[in-house]
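Subject: Structure for your review

Dear colleague,

My notes on its domains, its chain interface and its salt bridges follow.

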Amino acid sequence: MALSAFFSRLKEGLQRSKQKLADGIGAAFIRRRLDDAALAELEDLLISADLGPEAAARIIAGFRRTRFGKEVSAEEVRAALAEEIAVILAPVAKPLTIDRAHAPHVILVVGVNGTGKTTTIGKLAQQYREAGLRPVLVAGDTFRAAAVEQLQIWGQRTGCEVIAGKDGADAAGLAFDALGQARAAKADVLLIDTAGRMHNKNALMQELTKIVRVLQKQDATAPHSVLLVLDATTGQNALAQVRVFREMVVVSGLIVTKLDGSARGGVVVALAETFGLPVHAVGVGEQAADLRPFVPAEFARGLIEG
Amino acid sequence: MFETLSTRLSGVFDRLRQRGSLSEADVTEALREVRIALLEADVALPVVRDLIERVRTRAIGQDVLRSVTPGQQVVKVVHDALVEALGGEGAVGLNLQAPPPLPILLVGLQGSGKTTTAAKLALRLKEKERRKVLLASLDVQRPAAQLQLAQLAERAGVTSLPIVSGQAPLAIAARALETGRREGYDIVILDTAGRLSVDAWLMAEVAEVSAAAKPAETLLVVDAMTGQDAVNTARAFRETVAVSGIVLSRMDGDARGGAALSMRAVTGAPIKLVGTGEKLDALEDFHPERVAGRILGMGDIVGLVERAAETIDRADAERLAARMARGKFDLEDYAAQLRQITRMGSLTGILGMLPGVSKVKAQLAEANVDTAILKRQAAIINSMTKAERRHPDIIKASRKRRIAAGSGATVPEVNRLLKQFDDITTMMKRAQKLGEKGLMRHGLSALMPPGAGRRGF
């Protein structure tokens, strides 16, 4: 998809969903003194964007210190608040860089059920292909019905090889074999899909550590990236997800999906403050081109602007 | 979190008590804590506001200060308000009062769990309601989505509509209902593609399907982890299709499930079912009182007790207790007990149902209850004859060797098991001798045989 088409699409999506919030801010701040009531309303708006009561309170407290009692327009408030949030997000905006020297750079993709792991892998595969790399995909979700077929279709779409085992096969064993094959074939990137797992299911989480362990038997430095895929519709539970997944595997970064919906994904701000994990990319649609770099200023504006 | 909310509240009320009177401002302070608790549980802001107002009127009317724990009392007022907002006590069933084939439409966002829910629902209707169910996937968006439903249908032992590639959702729905009529199905479950509430085109499509299929139930499937966006989603779907019920998926996670409240408030539709696991039978009735406790961070205690009850064979347990009381406890009983412990092995999983028990879980992991050893011990007992199990005294050297060989264990291992069993019976005899009073006086340590504390399994 052409970039302009993408932007118009993104803008369209953002416009619809952010309109209400923007209206709220507009109504609250036209020619108005930034007093307690105004700040409380502003805090509510942040909470509605899923920042969570704590992060919202903190940001507003910072705002109070610098701007309390001033006459401000809606536009100024928006810009200033977006700036404040962008500052929090700036340190975590780091694209995922592939090191070809690893041959292959092993990427393990993890997350709870239904966040969009498989779709994200399809999109990443497309991007790597376009960048002239040779990615190989591993259908490591051997649990969910038709998950393998889903990834295989992405393989066909992107022209990438997909390594799959039988349904119900051991994901760790499959990952081990796949790494061997990918090394022999001199692939640049190995994208390993995993079954969605609730982070509070200990046995399933242990499985993840097993995948990492067996990968390291082939390459002690693998996996070179562990991506946690996070659904933007998720609320404060995202904090628990990140915490537990991090305890189990060395999560190297986040990908936030479904940002083209009405959910604003404000929990990312709380995540940035709490964990400081890099946010590599955001998903804004179901097509291969709908995986974009994470741009703090843009994301922050998306949270509070129309 | 429940503790946190209670502690927070008791802090507020401690200060109040010194002043001796409860003003509206005091209640407001307490409710600020309640508000934060609800927001942290992902209840949507407008819904929180509503609730807080309702609680405020009730809390002020109540004689909060005279109660021993005013904090707890406010929690109860909040809890009751939550139960009410979630639909009152008791579960609401599906509406199955329509001529067959009765269509059920499943809608929701991407990844909310519609397809899994469709298969679970089919299994439930087949098993519990004895209905003949046809599953059909209208999802032509996500790769292999139709195949996923077909595979799940096979696992559930339910028929799925044959896949015709290239067919549009509306046509698939028509074909499903036609097949349902022709082949005498009671219920046709239509699974749809996940769609964002802002996607006008896909929303129009599902409206068309709904208008054509005239479903008896339109179930909105919502992820229990959903945040504030729950209101937007609920509103958009309510405006598009006639949502008649909500299915809350992934309640086996540790999300507090505030989205349930938001969904219920916005759609006005009852929450009918909850998904509680990846297995196809993990679909349960929705009980507002349990989820209210969970939102407040009290955990789903009732659910936990139910699960434990499922795992433990009650008759077995009662028989065992009776035998123990009579001082008759042999290796046969011990083996039965071992079986139960291993079955409860997923204790940490069950604990996962309770938010905020991560600390307990960590402790359990540290305690390192090794179920492998329990299995080994069960194997040793299985290699004994009936007579040996009832009268372990007769087990001497040659019997020990045979038992060890039969169970793949070593003689010292058999010895250890026998010694341990001996300790247990000694402990039981002491307990009987001491009686209840003695136990109170000497504590549990009176039961321990000398040195028992040091020896593991």
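A salt bridge is taken here as a side-chain nitrogen of Lys or Arg within 4 Å of a carboxyl oxygen of Asp or Glu. Please bear in mind throughout that this is a predicted model.

**The two domains of chain A**

By that criterion, A:Glu273 and A:Arg58 form a salt bridge, with 2.5 Å between their closest N and O atoms. Between domain 1 and domain 2 of chain A the count is one salt bridge. Domain 1 of chain A covers 3-92, and domain 2 covers 105-295.

Six residue pairs are in polar contact between these two domains of chain A. On the side of domain 1 of chain A that touches domain 2, helices H1 (3-29), H3 (53-67) and H4 (74-89) of chain A each supply at least two residues. H1(A) gives the most to that side, with eight residues. By type, the residues on that side of domain 1 are 12 nonpolar, four polar and four charged.

In terms of extent, 20 residues of domain 1 of chain A are in contact with 25 residues of domain 2 of chain A. The two domains bury about 1800 Å² between them, and 59% of this lies on carbon and sulfur atoms.

**The interface of chain A and chain B**

Between the chains, 41 residues of chain A are in contact with 38 residues of chain B. The buried area is about 3600 Å², with carbon and sulfur atoms giving 52% of it. There are 20 residue pairs in polar contact across this interface. Helices H1, H2 (36-48), H3, H6 (147-158) and H9 (237-248) of chain A each supply at least two residues of the side that touches chain B. Of the elements of chain A, H6(A) gives the most to this side, with five residues. The residues of chain A on this side divide into 12 nonpolar, 16 polar and 13 charged.

**Salt bridges between the chains**

Three salt bridges are counted between chain A and chain B. In one of them, the side chains of B:Arg35 and A:Asp44 meet at 2.6 Å, N to O. A:Asp44 also forms a salt bridge with B:Arg49, the closest N and O atoms being 2.9 Å apart. This pair crosses between chains, from helix H3 (residues 45-61) of chain B, which holds B:Arg49, to helix H2 of chain A, which holds A:Asp44. B:Arg49 is partly exposed, at 43% relative accessible area, whereas A:Asp44 counts as buried, at 14%.

A:Lys201 forms a salt bridge with B:Asp252, at 2.4 Å between the closest N and O atoms. A:Lys201 lies in the loop between strand S6 (189-193) and helix H8 (202-218) of chain A, and B:Asp252 in the loop between strand S6 (245-249) and helix H10 (258-267) of chain B, so the pair joins two chains. A:Lys201 is partly exposed, at 23% relative accessibility, and B:Asp252 is buried, at 9%.

**Salt bridges within chain B**

Over all chains, the whole structure contains 28 salt bridges. One of the pairs within chain B is B:Arg250 with B:Asp223, whose closest N and O atoms are 2.6 Å apart. This pair links distant parts of the chain, 27 residues apart: B:Arg250 is in the loop between S6 and H10 of chain B, and B:Asp223 is in strand S5 (residues 217-223) of chain B. B:Arg250 and B:Asp223 are both buried.

With kind regards

Terms used. Residues numbered from 1 in each chain as written. Chains lettered and ligands numbered in written order. Predicted model: local features only at pLDDT ≥ 70, side-chain atom pairs only at ≥ 80, totals over all residues. Heavy atoms only, no water. Domains from an automatic or database assignment. Contact = heavy atoms within 4.5 Å. Buried area = accessible area lost by both parts, 1.4 Å probe. Polar contact = N/O pair within 3.5 Å; in protein donor to acceptor, adjacent residues only side chain to side chain. Helix = DSSP H or I, 4+ residues; strand = E, 2+ residues; numbered from the N terminus. Nonpolar A, V, L, I, M, F, W, Y, C, P; charged D, E, K, R; others polar. Buried < 20%, exposed > 50% of the residue type's maximum accessible area, 1.4 Å probe, protein only.
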